[in-house]
Amino acid sequence: WRYQIYHESFKGLWPSAFKLIGFYTVGLLLSGIVVIPEVLNILGNSRVGKSSSTVIYDSILPYFEYLTGIFTPTSVLANRGTAISSIYSYTSSNDSVMAVFLWNSSIGTLLFPQLFAKKNHRKTAIIMCTVISVIALMPFLSSVMHGFSEPSYRWLGSVSFLLLAAIMPILNEPDRLDLPLLRRSIAVFSILLVSATPLMAAIEGMSLEDLLSDYSILLLFVPFIILTGWALYRNRRLVLWISTVIELCFVSFFSFYGCPAFSDQSDQLTNRTSTLMGSKDEYNEYLLKMDPDNASQFYRSYIEPDTVYWQISTNLNLNFNIRGMLSYDSTYHSSANDLKKLADVQDYLLWTFDIEDPNIMNLVSTKYAVVTAEDQVPFANYQYFGDYYSMKVYENLDYINLGKTYNEVISYDTYDQDSSIVTDTVICHAQDLDEIKALLGSEEVQFNTVHISDNYVYGDINAGENGFAVISVPYDTGWHLTVNGKNVKTYEVNGGLTGFAIEVGYNEVQMNFVPKGFKIGAIVSADRKSVV
């Protein structure tokens with residue numbers, strides 16, 4: 001599309017296109033060592049298969065937001081937390097927030113119609129915009145663009161760059177401008193910017209009076225449309241650049257510092273968001289100092305999401321390098337989705353975790369709880385451990401170091417959602433039931449010493465007989481596991497964790513992780529490097 005706009009035809013397109021496609025293909029293959037394992041991991045993501053199958057939205061808002069997106073600086077309105085935000089953002093039934101960010105300054109707004117000005121460009125422009133609009137306005141297709149999950153307009157960021165690339169030739173060569181169309185565009189977009197919000201307020205049954213304070217911000221951008229249009233019309237480049245810089249500064253300001261949702265936050269709140277658990281590893285160092293035995297144990301921590309994390313983010317544990325109970329599907333292994341078969345561990349979305357079931361916590365080796373009051377401790381048996389800043393830390397007396405052996409087994413088909421058995425009974429897939437039953441012993445013993453670093457896990461366990469152990473490491477075919485130096489078969493059990501056979505006596509367990517697809521990706525990357 002951009003080639004046609006720039007060269008006035010498609011003649012000579014394919015030699016240039018194939019060359020560019022070739023460069024991108026080589027670059028993609030060079031990154032195969034990362035891309036292939038990640039693609040395979042995403043395919044196991046709990047979002048896949050959850051996308052909306054509907055073809056229309058249940059509200060007029062998404063359509064309105066899309067149609068007004070090209071001339072409305074939505075970022076200054078969608079996140080304000082005020083009445084006008086409900087017009088410029090749409091929340092789905094699954095709490096997925098949608099907002100259209102297509103605006104590319106007044107230059108982008110005014111030059112967009114120019115893409116349709118010339119007859120030899122018009123057909124291609126119409127096809128391109130129609131395809132993009134159909135994908136955006138059909139929830140099912142939009143959800144596919146958003147990783148097969150809820151519909152979202154986030155992917156329209158790519159469209160913004162596409163539109164910028166398309167208008168650059170027109171901006172660089174003012175002689176291409178259709179001046180009568182530019183004059184009409186200045187008038188039409190000024191009127192639309194002024195009238196769109198009152199019109200939508202009327203449709204939604206909202207009082208314009210409730211929107212006035214925020215609506216006045218929109219009116220500030222009408223002079224920018226007029227000034228930008230005049231500068232384009234007169235080819236006043238300096239005025240154009242100065243006007244655009246000032247306009248973008250306005251947008252930046254009102255999107256953050258001038259946004260009540262952010263500016264009303266106190267410095268204490270803002271600072272606590274990034275420091276509430278200290279520096280990145282400070283909490284881990286505190287636990288190690290308080291109990292040196294932690295150096296040879298594998299454990300997770302429950303951080304109270306309301307009073308400690310203030311419900312700010314499901315992914316805050318990442319900031320502080322904490323193995324926690326809150327997680328998002330981009331940060332946990334796909335096999336852990338099976339934990340949802342054992343108990344209610346789901347947070348506000350299908351692909352988020354908030355584990356508060358004490359039995360599941362025991363299963364995944366949860367040793368500590370960080371809370372602000374004792375009545376928030378989720379463990380059945382616990383003791384006070386110490387103070388950490390203004391929080392209190394409690395220790396789980398039912399903690400299991402990495403894992404243990406089991407003497408009973410059932411299949412998921414017969415599991416009745418009684419999570420109290422998850423640390424006493426192996427719960428497996430039906431096809432593995434007989435194999436695992438033959439491996440079980442009669443005792444229950446825990447691991448002794450555990451060391452974990454990067455992609456390596458070491459643990460030892462003493463057993464009075466042959467048996468079957470389950471550890472709180474998510475199952476993955478990429479794990480290479482040995483017991484006393486011998487390769488053993490692993491099983492996906494107890495909500496996506498790893499199970500395997502152990503021997504009578506002393507067992508030294510070692511695990512090395514190589515992601516599925518890593519070797520193929522490495523071969524692909526190496527081959528491309530040799531070609532280059």
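This is a predicted model: local features need pLDDT of at least 70, side-chain atom pairs count only at pLDDT 80 or more; totals for chains, interfaces and linings use all residues.
Local features were taken at pLDDT of at least 70 and side-chain atom pairs at pLDDT 80 or more, whereas totals for chains, interfaces and linings use all residues. Residues are numbered from 1 along each chain as its sequence is written, and side-chain values use heavy atoms, without hydrogens and water.

Helices and strands are DSSP runs, numbered from the N terminus (helices: H or I, at least four residues; strands: E, at least two). Helix α4 spans residues 61-68. Six of its eight residues are buried, so α4 is largely enclosed by the rest of the structure. Buried means under 20% relative accessible area, with a 1.4 Å probe and protein chains only. The six are Leu61, Pro62, Phe64, Glu65, Tyr66 and Thr68. Their cover includes α5, β1 (90-91), β2 (97-98), α7 (119-137), α9 and α10 (179-203).

The loop between α4 and α5 (85-88) holds Thr74. Thr74 counts as buried because its relative accessibility is 4%. Contact means heavy atoms within 4.5 Å. Apart from neighbours within four places in sequence, Thr74 is in contact with Tyr88, Val100 and Phe101.

Buried in α13 are Leu240, Ser243, Thr244, Glu247, Val251, Phe254 and Ser255. They lie on the same side of α13 because they cover an arc of only 100° around the axis. The arc is that of the directions from the helix axis to the C-beta atoms. In an α-helix, residues three or four places apart point the same way, because there are 3.6 residues a turn. The buried residues of α13 pack against α6 (105-111), α9 (156-172), α11 (212-219), α12 (221-234) and α14 (260-263).

Four strands form an open sheet in the order β3-β6-β8-β7, with mixed pairing. Two strands pair if DSSP finds at least two bridges between them. Neighbouring strands are turned by 25° against each other on average, direction ignored. Strands β3 and β6 (residues 366-371) run parallel and are joined by four bridges. Here Ile303 stands opposite Val370 in β6. Helix α16 (residues 282-290) packs on the sheet and touches β3, β6, β7 and β8 (391-396). The direction of α16 makes about 120° with that of β7. Such angles run from 0 to 180 degrees between N-to-C directions, with axes fitted to C-alpha atoms, for helices over the stretch in contact.

Terms used
Buried means under 20% relative accessible area, exposed over 50%, partly exposed in between (1.4 Å probe, protein chains only).
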